[in-house]
Amino acid sequence: MLNFSGFRRLPGAWGLALLLLLYGLTAQAQQLPLVRELSLRTDTTRYSLSRNTVTVQGEPHLYFTYRQDDETAELLVYPEAAPRPGAPLRLQRSADFVLLDSLTAAEGGQYYRAKLRFRDLTGTRYLRLTFQQSADTVGRPVRTHTINLLPTTRTTLEFRPGDTELFVGEEKVFDLISNNAKNIRVSPEWTRGQDIDYRIEQEKGVLRLHVLPNALGTRQLTLRPQTERPFLTDNNRRVTYSLPPVRQEFTVKASRLRFLSVDKKEITLDEASRRRGVELILDNGRTFDLKRTYRIEDQEEAGGSLIAELFTRQYLTNDRVLCWLRVYNTHRQTESYLYIKENDQAKYVTNFNISPKTAISAVSVRHRGGDWTTNTNVNPGETVDVRLEGESLTRARFHFEDVQVIPSDSSIRSDAAVVYRVQVPVTIDKKRITIFNAGQPTGYGLSVREFQRPHPLDFVGVTFGEAPRPLTRLNGPVLYNRTISDVVFSFNAGAIDSEQLYGKQYLTFDIRTQNAKGELIELRTIDNVVVCPDGNSVRASFYQDKQCQVGNISLNSLLNYRKTYDLDDWSTIIVTIRHTQSQYQEPGFSQKLELVLQRRVKFDIDISFPGGLLTKYKGESSFTSFGGISLATLAQLSFYHPTKINKLRPYKVGAGFVALNAFNLSQDPDIKRDLGIVVLGSVYPTRSDAKLTFPLYLGGGYLMNKRSLFFLFGPGIGIRL
């Protein structure tokens, strides 16, 4: 900073003049430029401030040509004067470039060198380099110097259409070819008043040309593209942004129907859509008039059925039209197109579905391995197929309350019928599964019913003097050789729902008792004995019923005439246990218990008539001759076959009295009559149907008259009544 204190002593006029002179010299020193020359080299071309400068908007710019948006350049800076000690030249940082090498003095400070890489040269505006020299120790202020840069690039644009045929009022899109598509200026606005209007847009780095012809015949399209970055003319280095015009001839024909897409492909025909209408967004047809109603029919010719009416409301920014659509009839896209008409003349074509409101008319269920049925009862833990029939079912969003829908490859889905595979939870606690559509009840549902299937009768046990045994293990007649005090039936309720769910078991007991000859003693039938699964079942709380059997069933409590302990030998107790068929939709199980009161030995008094006996007395060496008919009264033991019912073995053992020759009326003194006490064994024929038999006797005893022991052997005569 200058010190002017010494000039204050000078006379007034001279001091003031000298002070103004010094201030002028100081201001002039501050306005001198920092940079005398600047050189910018890209690739193999060097641009200098003294030779490559153009004026843009009244300001000089250093222009340079680039090929890439992130071009790397070498910078040489020549200062106006030698650098001051302690105040080096600096390049201010900017968001438009990255300084790769800092500004460094070279050759004793005669010039500075740096390297930088630009960022997005095509999109950057007002690109400049600002140099700065900081204050020094003498007190001179900070100085800056700004140099404007003008990036230029050569941009080409070509148009090579594959088809030069257009239709009036029909928009067509072509691709443009450019070496730098990003540098082509695009605009969403259409040109106006030309034979062929156009607009250029860029989509994912590709230039697209939209054309819209307005007049028939051979017409020329002239494109006048503009660039984002300029280029210089070769003659006078004038900056220009306009590329050479691109011209192309087209053959324009009369208009054909144009397809207009809609934002909604599914429309519901109901009272609201018929009267108030549905809001619809439609492609801009170019010839649409706002606040006007257009007729939609299902044929191109006049006189078609009225499907809907289209009322145009307002244009949207994405070149579409907001409309009201009022529908009057149903339509399927597969049937035909829809024609938008003005005064019975088709202008455009479109397509969408108009379906009636979703409605269910019938529900049917198919259980695993069964056929379809209208009975909608389902069981807990069961997987079933549910078929819904009605109208417009493909548009519905059906939901089954509290159950899971399992995806299936065999599912059917059409407007008339849909099929769902549904898995009912085993712990479901509702009696009805409601079917919803889009969260609203449809009025249809599935009824939850407990399983009522016949379970094998292995859960029924029987006791008749020993430990309980499963009923299913007692096949065929059971021979029991003791007195049957009672027959008790017990039920293992925990075995019913152990692996699968079966539900309540409805049983019927048919009881029959008969004697040894097969004659009926008593007949009883007990219906609807209900056995419910116990608390181990997951559905136990839903089986609560006052009819459930509690405790065992005693046979003696059911018999009125003769109890089991009063039955005679070889009597039979027959109990048939079966499922009550009226309670089930499938055949049930049946098991028969047949208890036979077996006896091993039979005691009886037998009177027979031995004849032709051979007797041998004690002390005699031989048997006597055949005797006459005798009379024997014996207390005999008969032996039953151990594996046959009421079947005697062919031998007996007895003791009693024998009157030898009791029926021999001859007066011959040699005939010996006597009464003896004997023990006899007899062998009978095995035929049980013979009335007259001839048993053989063998035994011995003591004669009362002769007072002697004797042995006898011989046949007899037996009569069976």
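Visitor: Which residues is Val487 in contact with, beyond its neighbours within four places in sequence?
Guide: Val487 is in contact with Val462, Thr463, Phe464, Ile553, Ser554, Leu555, Thr564, Ile573, Leu593 and Leu595. Contact means heavy atoms within 4.5 Å. This is a predicted model: local features need pLDDT of at least 70, side-chain atom pairs count only at pLDDT 80 or more, and totals for chains, interfaces and linings use all residues. Residues are numbered from 1 along each chain as its sequence is written, and side-chain values use heavy atoms, with hydrogens and water left out.

Visitor: Which residues touch the most other members of the largest nonpolar core?
Guide: Val487, Phe489, Leu507 and Phe509 do, in a core of 32 residues. A nonpolar core is a set of buried Ala, Val, Leu, Ile, Met, Phe, Trp, Tyr and Cys residues joined through side-chain atoms within 4.5 Å.

Visitor: Why is Pro533 called buried?
Guide: Its relative accessible area is 6%. Buried means under 20%, exposed over 50%, partly exposed in between (1.4 Å probe, protein chains only). So Pro533 counts as buried.

Visitor: What does Pro533 touch, not counting residues up to four places away in sequence?
Guide: Pro533 touches Ala493, Ile496, Asp497, Gly503, Lys504 and Tyr543. Pro533 and Lys504 are 29 residues apart in sequence, yet 6.6 Å apart in space, C-alpha to C-alpha.

Visitor: Why is Ile629 called partly exposed?
Guide: Ile629 has 38% relative accessibility. That value lies between the 20% and 50% limits, so Ile629 is partly exposed.
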